[in-house]
Amino acid sequence: MFSAPKGIPEYFPPTSASFLAVRDTLAESAKRAGYGYIELPIFEDTSLFKRGVGESTDVVTKEMYTFEDRGERSVTLRPEGTAGVMRSVIEHGLDRGQLPVKLFYAGPFFRYERPQAGRYRQLQQLGVEAIGVDDPALDAEVIAIADAGFRALGLAGFRLELTSLGDSQCRPAYRSLLQEFLFKLPLDEDTRRRAEVNPLRVLDDKRAEVRELVAEAPLMVDHLCDECRAHYEAVKGYLTELGVKFTENPRMVRGLDYYTKTTFEFVHDGLGSQSGIGGGGRYDGLMEELGGQSLSGVGFGLGVDRTLLACQAEGLTPGDVARCDVFCVPLGDAAKARLVSIAGALRAAGVRVDLAYGGRGLKGAMKAADKSGARFALVLGERDLAEGTIGLKELATGEQRSVPLADVVTAVQDAL
RNA sequence: GUGGGUGUAGCUCAGCCGGUAGAGCACUGGGUUGUGAUCCCAGGUGUCGCGGGUUCAAGUCCCGUCACUCACCCCA
């Protein structure tokens, strides 16, 4: 027997309805702020991610699905969305018109990691990018879109963590300062290596003994240059204007190299170890790094799988689990032929309709009607056909009335 | 890549000190011939993850292996 590749979640009814609802609700939030949809390749030139995401990140060094195609080109299944968006923006000159360019995307991303709760090798993300205007109000807008999307789903148990990572002006100096501090500590070999490659990550260590060691470490937020400081303060101000609550977490770290200044993460406590349901920030040098003009951008990626898990943890089932509005129950072949055409007419009129196939008995057909989640059943037998009527039954109340066969479409529409 | 836990029906699981398998749910049919959710009755399914070992006898004990899962790491 075949099984799905390791670490890949599959969604089927009824859960798939919630999956779609989560994705579409988050997308709707982006559309409301004027973001347009962009559909991108699932795989790209490997060097795009190496350049964009950063050679030293774990994502690039050990988590990419990289292979050679038949033309001996090295390609990689996209591990994240921003690099591809930037590539497309540059390639098609989308940044030559009015700025900012506001885009959103949705779909699967791939990382070769050991699977666990909420961590998959094929993950579904919805993301937005606002490119070309370095306005802190835009950072706040992006954050507010995610916040509004989560709220629209009914989620309440999440929080927003915020910090600033500085920029090319102030981060290098801070980085050296932090390394100087870290190298004096009695760190194990692994952690020491991390201090060399990505010192900020040591601040985010989960182990209590390490946390204690770095408790007095210098923090980026205390060493921001004037420009970054002003930017950060402005973002916080706009968020407050927008009514978006946040907590500052100066030890927050991002796994992708391109982030600068504003950085944020949405965290939900009902998910176990993988608690981040979305994250993002500003990326000032990325576009230039990828060969475009020097424009900044800000965006996020939200985990659709994890957001769905968060909904489930809060007892929410977004989306309509009912498969149809009307379920047709035929008694006999003549009635079945008639109901097949009625079902077609109703569907053409926009009603969701299913029918009891397979020659089931009346009892079985009614049972199927009940399971379908339909509000109404249409029951048709020889007697009704002779009278020229059809039974319209409201399943919740059990009330049934006869309506003329000729008027069935309008009768159903009125009832709904 | 490193650890821990678990593999028995489609799903959730029970199966004691070894004696060749069970429940609930789900599914199908029936409870007078045209009405669902509750109730009652009936019905089927398992290479007990796989391979080896111990034993008269292994779902049960031992070893290996694979898969799943949780955590580290990393991140959505």
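This is a predicted model: local features need pLDDT of at least 70, side-chain atom pairs count only at pLDDT 80 or more; totals for chains, interfaces and linings use all residues.

Student: How do you know that chain A is more spread out than a compact globule?

Tutor: Chain A, by the way, has 16 helices and 16 strands. Its radius of gyration is 27 Å, while the globule rule gives 22 Å for 416 residues; the value is well over the rule, so the chain is more spread out than a compact globule. The C-alpha atoms fill a box of roughly 90 × 50 × 50 Å along the principal axes.

Student: Why do Arg87 and Glu44 count as a salt bridge?

Tutor: A side-chain nitrogen of Lys or Arg has to be within 4 Å of a carboxyl oxygen of Asp or Glu. In this pair the closest N and O atoms are 2.6 Å apart, so the test is passed.

Student: What does the pair of Arg87 and Glu44 tie together?

Tutor: Arg87 is in helix H4 (residues 82–91) and Glu44 in strand E2 (residues 43–45), so the bridge ties together parts that are 43 residues apart in sequence. The structure holds 25 salt bridges.

Student: What makes Asp134 and Arg282 a salt bridge?

Tutor: Their N to O distance is 3.3 Å, which is within 4 Å, so they qualify. Asp134 sits in the loop between strand E6 (122–131) and helix H5 (136–152), and Arg282 in strand E10 (residues 276–283), so this bridge ties together parts 148 residues apart in sequence.

Student: Are these two partners buried or exposed, or partly exposed?

Tutor: Asp134 is partly exposed, because its 35% falls between the cut-offs of 20% and 50%. Arg282 is at 0%, under 20%, so Arg282 is buried.

Student: Which residues are linked in a network with them?

Tutor: Asp134, Asp139, Glu227, Lys261, Arg282 and Asp284 are linked in a network of salt bridges.

Student: Why is Lys261 called buried?

Tutor: Its relative accessibility is 2%, and that is under 20%, so Lys261 counts as buried. Lys261 lies in strand E9 (residues 260–268).

Student: What is there to say about phi of Lys261?

Tutor: Phi is near 50°, a positive value in a residue other than glycine. Glu72 also has a positive phi, near 60°.

Student: How do you know that Asp354 and Arg323 form a salt bridge?

Tutor: Use the cut-off of 4 Å again: their closest N and O atoms are 2.6 Å apart, so they pass. Asp354 is in strand E13 (residues 353–355), and Arg323 in the loop between helix H12 (304–313) and strand E12 (326–330), 31 residues apart.

Student: Which residues are joined by cis peptide bonds?

Tutor: One such bond joins Pro13 and Pro14, with omega about 5°. Another joins Leu99 and Pro100, with omega about 0°. Pro14 lies in the segment before helix H1 (15–31), and Pro100 in the loop between H4 and strand E5 (101–110).

Methods
Residues are numbered from 1 along each chain as its sequence is written. Chains are lettered from A and ligands numbered from 1 in the order in which they are written. Side-chain values use heavy atoms; hydrogens and water are left out. Helices (H or I, at least four residues) and strands (E, at least two) are DSSP runs, numbered from the N terminus. The radius of gyration is taken over C-alpha atoms; the globule rule is 2.2 Å times the number of residues to the power 0.38. Buried means under 20% relative accessible area, exposed over 50%, partly exposed in between (1.4 Å probe, protein chains only).
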